[in-house]
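Let's walk through this model together, one side chain at a time. Have the viewer open and follow along.

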Amino acid sequence: QIKYAVETGIPVLLENVTGDLISGSLSHLLSRQTFLRRKRRYVHIGDDAVPYEEGFKLYITTRDEAPKLEQDVTMWVNVVDFDLTNDGLSLALRSTLLREKAPDLFNYCRETLVAHIDAVHNLEAHDLKPYF
(Lines give C-alpha, C1' and ligand atoms only; values in the text may rest on other atoms or scores of the structure.)
Protein backbone atom coordinates (compact mmCIF):
# COMPACT_ATOMS: atom_id res chain seq x y z
CA GLN A 1 0.00 0.00 0.00
CA ILE A 2 1.61 3.21 -1.19
CA LYS A 3 -0.13 5.35 1.45
CA TYR A 4 1.46 3.33 4.24
CA ALA A 5 4.88 3.66 2.61
CA VAL A 6 4.49 7.45 2.29
CA GLU A 7 3.52 7.69 5.94
CA THR A 8 6.39 5.54 7.21
CA GLY A 9 9.10 6.59 4.71
CA ILE A 10 9.54 3.15 3.15
CA PRO A 11 10.83 3.21 -0.47
CA VAL A 12 8.34 1.96 -3.08
CA LEU A 13 8.90 0.44 -6.52
CA LEU A 14 5.94 0.65 -8.93
CA GLU A 15 6.49 -1.56 -11.97
CA ASN A 16 4.99 -1.41 -15.47
CA VAL A 17 3.24 1.91 -14.86
CA THR A 18 1.52 3.83 -17.67
CA GLY A 19 1.80 7.57 -18.18
CA ASP A 20 -1.87 8.02 -17.22
CA LEU A 21 -1.31 6.87 -13.63
CA ILE A 22 1.76 9.06 -13.28
CA SER A 23 -0.05 12.13 -14.57
CA GLY A 24 -3.18 11.62 -12.53
CA SER A 25 -3.32 10.23 -9.03
CA LEU A 26 0.40 10.55 -8.23
CA SER A 27 0.95 14.13 -9.39
CA HIS A 28 0.87 15.67 -5.87
CA LEU A 29 3.26 13.01 -4.60
CA LEU A 30 5.69 13.38 -7.51
CA SER A 31 5.77 17.16 -7.19
CA ARG A 32 6.06 16.87 -3.40
CA GLN A 33 3.20 19.30 -2.93
CA THR A 34 2.91 18.90 0.80
CA PHE A 35 1.03 20.97 3.33
CA LEU A 36 1.11 21.35 7.11
CA ARG A 37 -1.70 20.18 9.32
CA ARG A 38 -1.25 20.05 13.11
CA LYS A 39 2.55 20.42 12.79
CA ARG A 40 2.80 17.43 10.43
CA ARG A 41 3.42 17.28 6.66
CA TYR A 42 0.71 15.76 4.46
CA VAL A 43 0.39 15.03 0.74
CA HIS A 44 -2.70 14.32 -1.35
CA ILE A 45 -2.83 10.88 -2.94
CA GLY A 46 -6.00 10.72 -4.97
CA ASP A 47 -8.71 12.15 -2.69
CA ASP A 48 -6.92 11.30 0.58
CA ALA A 49 -4.54 13.43 2.66
CA VAL A 50 -1.74 11.15 3.82
CA PRO A 51 0.99 11.98 6.38
CA TYR A 52 4.25 12.48 4.47
CA GLU A 53 7.59 11.24 5.79
CA GLU A 54 10.51 13.20 4.31
CA GLY A 55 12.59 10.05 3.71
CA PHE A 56 10.02 8.53 1.33
CA LYS A 57 11.36 7.54 -2.11
CA LEU A 58 9.30 6.45 -5.10
CA TYR A 59 10.77 4.49 -8.02
CA ILE A 60 8.67 3.86 -11.12
CA THR A 61 9.38 1.59 -14.09
CA THR A 62 7.54 1.25 -17.38
CA ARG A 63 7.84 -1.01 -20.37
CA ASP A 64 6.83 1.81 -22.70
CA GLU A 65 9.70 2.65 -25.03
CA ALA A 66 8.63 6.29 -25.07
CA PRO A 67 6.37 6.95 -22.11
CA LYS A 68 4.03 9.86 -22.66
CA LEU A 69 4.45 12.10 -19.64
CA GLU A 70 2.94 15.52 -19.22
CA GLN A 71 5.42 18.41 -19.25
CA ASP A 72 5.01 19.17 -15.55
CA VAL A 73 5.64 15.52 -14.63
CA THR A 74 9.00 15.54 -16.42
CA MET A 75 10.05 18.48 -14.24
CA TRP A 76 9.39 16.47 -11.07
CA VAL A 77 11.10 13.17 -11.91
CA ASN A 78 14.47 11.89 -13.07
CA VAL A 79 14.06 9.73 -16.17
CA VAL A 80 16.62 6.98 -16.71
CA ASP A 81 16.62 5.18 -20.05
CA PHE A 82 18.14 1.73 -19.62
CA ASP A 83 17.93 1.04 -23.36
CA LEU A 84 20.53 3.69 -24.09
CA THR A 85 23.48 2.35 -26.03
CA ASN A 86 27.09 3.50 -25.78
CA ASP A 87 26.75 5.22 -29.17
CA GLY A 88 23.55 6.94 -28.06
CA LEU A 89 25.14 8.07 -24.80
CA SER A 90 28.19 9.37 -26.65
CA LEU A 91 25.95 11.31 -29.05
CA ALA A 92 23.93 12.77 -26.17
CA LEU A 93 27.10 13.85 -24.35
CA ARG A 94 28.56 15.45 -27.49
CA SER A 95 25.26 17.25 -28.11
CA THR A 96 25.18 18.59 -24.56
CA LEU A 97 28.82 19.69 -24.76
CA LEU A 98 28.21 21.42 -28.10
CA ARG A 99 25.10 23.17 -26.76
CA GLU A 100 27.02 24.43 -23.70
CA LYS A 101 30.35 25.37 -25.30
CA ALA A 102 29.28 26.49 -28.80
CA PRO A 103 25.57 27.41 -28.78
CA ASP A 104 25.75 29.11 -32.22
CA LEU A 105 27.14 25.97 -33.82
CA PHE A 106 24.60 23.83 -31.96
CA ASN A 107 21.73 25.98 -33.29
CA TYR A 108 23.15 25.82 -36.81
CA CYS A 109 23.35 22.01 -36.63
CA ARG A 110 19.80 21.78 -35.28
CA GLU A 111 18.44 24.08 -38.02
CA THR A 112 20.28 22.09 -40.69
CA LEU A 113 18.86 18.83 -39.35
CA VAL A 114 15.33 20.24 -39.30
CA ALA A 115 15.75 21.49 -42.88
CA HIS A 116 16.99 18.04 -43.95
CA ILE A 117 14.00 16.33 -42.30
CA ASP A 118 11.62 18.78 -44.02
CA ALA A 119 13.27 18.09 -47.37
CA VAL A 120 12.91 14.32 -46.91
CA HIS A 121 9.22 14.76 -46.03
CA ASN A 122 8.72 16.87 -49.17
CA LEU A 123 10.41 14.20 -51.30
CA GLU A 124 8.21 11.53 -49.78
CA ALA A 125 5.12 13.65 -50.38
CA HIS A 126 6.04 13.95 -54.10
CA ASP A 127 7.20 10.35 -54.33
CA LEU A 128 10.62 11.47 -55.62
CA LYS A 129 12.70 9.64 -53.01
CA PRO A 130 13.35 6.54 -55.18
CA TYR A 131 15.28 8.72 -57.63
CA PHE A 132 17.89 9.74 -55.03
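Start at Tyr42, which counts as buried because its relative accessibility is 12%; buried means under 20% relative accessible area, exposed over 50% and partly exposed in between, with a 1.4 Å probe and protein chains only. Keep in mind that this is a predicted model, where local features need pLDDT of at least 70, side-chain atom pairs count only at pLDDT 80 or more, and totals for chains, interfaces and linings use all residues. Residues are numbered from 1 along each chain as its sequence is written, and side-chain values use heavy atoms, leaving out hydrogens and water.

Searching the whole structure turns up one aromatic pair (ring centres of Phe, Tyr or Trp, the latter by its six-membered ring, within 6.5 Å; planes under 30 degrees apart are stacked, over 60 edge-to-face, the rest tilted). That pair is Phe35 with Tyr42, stacked at 5.9 Å centre to centre with 25° between the planes. Phe35 has 23% relative accessibility, so it counts as partly exposed.

Tyr42 also has a charge over its ring: the charged end of Arg37 sits 5.1 Å from the centre (NZ of Lys or CZ of Arg within 6 Å of the ring centre and within 35 degrees of the ring normal). Elsewhere, Arg99 lies over the face of Phe106, 5.5 Å from the ring centre.

Now look at Tyr52. Leaving aside residues up to four places away in sequence, Tyr52 touches Val6, Leu29, Arg32, Thr34, Arg41, Tyr42 and Val43, a contact being heavy atoms within 4.5 Å.
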